[in-house]
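Here are my notes on this model, for reading alongside the structure.

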Amino acid sequence: MASVVSAKNLGLTFSTNDGDVIALSDVNLEIGTGEFVSFIGPSGCGKTTFLRVIADLEQPTSGRITVNGTSPGDARLNRAYGYVFQAPALYPWRTIEQNVALPLEIMGLSDRAARIKRTLELVNLAGFEKKYPWQLSGGMQQRASIARALSFDADLLLMDEPFGALDEIVRDHLNSELLKLWARTKKTIAFVTHSIPEAVYLSTKIVVMSPRPGRVTDIIESDLPAERPLDIRETPEFLRLAARVRDGLRAGHSYEE
Amino acid sequence: MRQLVDGKNLPILIVLATIVVVWYAAAIMMNAPWQQTLDQRAGLENVPFTQFAVSTWSQDKPVLPSAHQVIGEIWTATIGTDIASKRSLAYHAGITLSATLLGFALGTLLGIGLAVVIVHNDASDRSLMPWIIASQTIPILAIAPMVVVGLGAVGVTGLLPKALISMYLSFFPVVVGMVKGLRTPEAIQLDLMRTYSASPWQVFSKLRWPSAIPFLFASMKVGIAISLIGAVVGELSNNAGGGLGVRLLTGSYNGQTVQIWAALFIAAGLAAMLVIAVGAAEAMANRRMGARA
């Protein structure tokens, strides 16, 4: 299994007016091709920061990281990844299909119509091409933003708490859709969340992180089957994994004030 | 009748009626001393109030002309006069309108240009903004004659000097509005552009500019109204060129209050039309940008 992301002794310290904040310290991690890796931990544990380092939106202050064997900056220039933010960040003056077309326009890619059609079908938004974002529900808007990240066929998908603002019912639905999408597209996905069930349900690998300083406390390989109906969450295997995640969080003092 | 009570028409009519009543009452009071002198000279005594009031509303050079006098003057000076004649208010309004539009176009372009520079360059933000604000603290009445006379001395006359004064006033709201507007995109939207490795031009044309459009129209509504003021003030300094400002000036030299008021009303009507035109353009842009109906 080839390595898509490889971090060695990675550290990142923000200098603020109140002194230095260690967002990441001594992170070692490999993400292999086709893996679904979740990052879980309380706020301040550096999970989003790590995702932003992969995306070249933040610069590490120590250690080494490669994306597709190159630096994150080169990977970004090679358009190696699609990024899904916490909010849909759709442009309100563009229709859904125009929003999905945005990266295609910027990257100068051809056969836009076919790409838009295919990715909107992937996220079950066919028929909503001409709608404006405000005409869609929050869950549909986030699906549109996933379509936008998929439209230019990057092999790596970085998702930063994409369903964090949605209610649990919509979230369950989108989680199972995301798994189907992952199975069909064979992409590598790095997924930030603060929900234990979400992390266990989705992932092949769960990275447990803890704050002050932000660090990795446990890396759990999931032995759940690839086929995961929603009620797998009541099985003993699932609950055992969830308990281990919780133990990892507790070991990192994540439950203390 | 129902429609009148339910809709917005009734309050509008009440306000309008109040203005008319106050206007005519004020005309009686302000024109009364001169009317009394006139009546004395004519040897009239014990003039009934209704006759006295009607006389105050139809003086030749009243302190406050009545509404029908002003409307009558507007009518005869526009519809009733050949448009090529220098007595035609429509002719003068046309001169003012062209200076306004040219100045507004120049001011809007200058404002947008300055805003783009300021947003993209931190140093120019700190170096330019104080001067831009200072420029607006100088009374335009002091600057206008210098611009008109100064440019006249180097042979630039006609429309351009007046348009430059309009520009001087109208670029300001556009700079302030567009600096704000071009900075509205949130961090997350700018990050998104970075993940695509978008060029600065792409970030500008696909994100900053569309985000700033609502601010542009709000600024242009203010800008077009003060453009008209700029043009009129410019005309005050150069009464050979014509325009509503010249009509105001000659009216005040000759005590022609009816002429002054007629020119004022035309100027106000012109400003209203221009603001409405910008509003219509805004509505069109909103529809094209998918605004909520």
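**Notes on the predicted model**

1. Start with helix 11 of chain B. Its buried residues pack against helix 5 (89-120), helix 10 (200-236) and helix 12 (257-288) of chain B.

2. Which residues of helix 11 are buried? In this helix of chain B, residues 244-253, they are Leu244(B), Gly245(B), Val246(B), Arg247(B) and Leu248(B). Just after helix 11 of chain B comes Gly255(B), with a positive phi of about 65°.

3. Two of those packing partners also meet each other. Helix 5 and helix 10 of chain B pack with axes 8 Å apart, at an angle of about 130°. Helix 5 of chain B is therefore oblique to helix 10 of chain B. The crossing of helix 5 of chain B past helix 10 of chain B is right-handed.

4. Helix 5 of chain B brings residues including Ala99(B), Gly103(B), Phe104(B) and Gly107(B) to this contact. From helix 10 of chain B come, among them, Met220(B), Gly223(B), Ile224(B) and Leu228(B). By class, the contact of these two helices has 7 nonpolar, 9 polar and 1 charged residues.

5. Chain B is assigned domain 1 (2-63) and domain 2 (89-288). The centres of these two domains of chain B, taken over C-alpha atoms, are 38 Å apart.

6. Now the contact between chains. Chain A gives 17 residues and chain B gives 15 residues. On the chain A side, helix 2 (72-77) and helix 3 (96-107) each supply at least two residues. Helix 3 of chain A has the largest share, 4 residues. By class, the chain A side has 14 nonpolar, 1 polar and 2 charged residues.

How values were computed:
Residues are numbered from 1 along each chain as its sequence is written. Chains are lettered from A and ligands numbered from 1 in the order in which they are written. This is a predicted model: local features need pLDDT of at least 70, side-chain atom pairs count only at pLDDT 80 or more; totals for chains, interfaces and linings use all residues. Two residues are in contact if their C-beta atoms, placed from the backbone, lie within 7 Å. Ala, Val, Leu, Ile, Met, Phe, Trp, Tyr, Cys and Pro count as nonpolar, Asp, Glu, Lys and Arg as charged, and the others, Gly among them, as polar. A residue is buried if 20 or more other C-beta atoms lie within 10 Å of its own, exposed if 12 or fewer, and partly exposed in between; C-beta atoms are placed from the backbone. Domain bounds come from an automatic or database domain assignment. Axes are lines fitted to C-alpha atoms, for helices over the stretch in contact, and angles run from 0 to 180 degrees between N-to-C directions. Angles under 35 degrees count as roughly parallel, over 145 as roughly antiparallel, 65 to 115 as roughly perpendicular and the rest as oblique. A crossing is left-handed if the near helix is turned anticlockwise from the far one by less than a right angle, and right-handed if clockwise.
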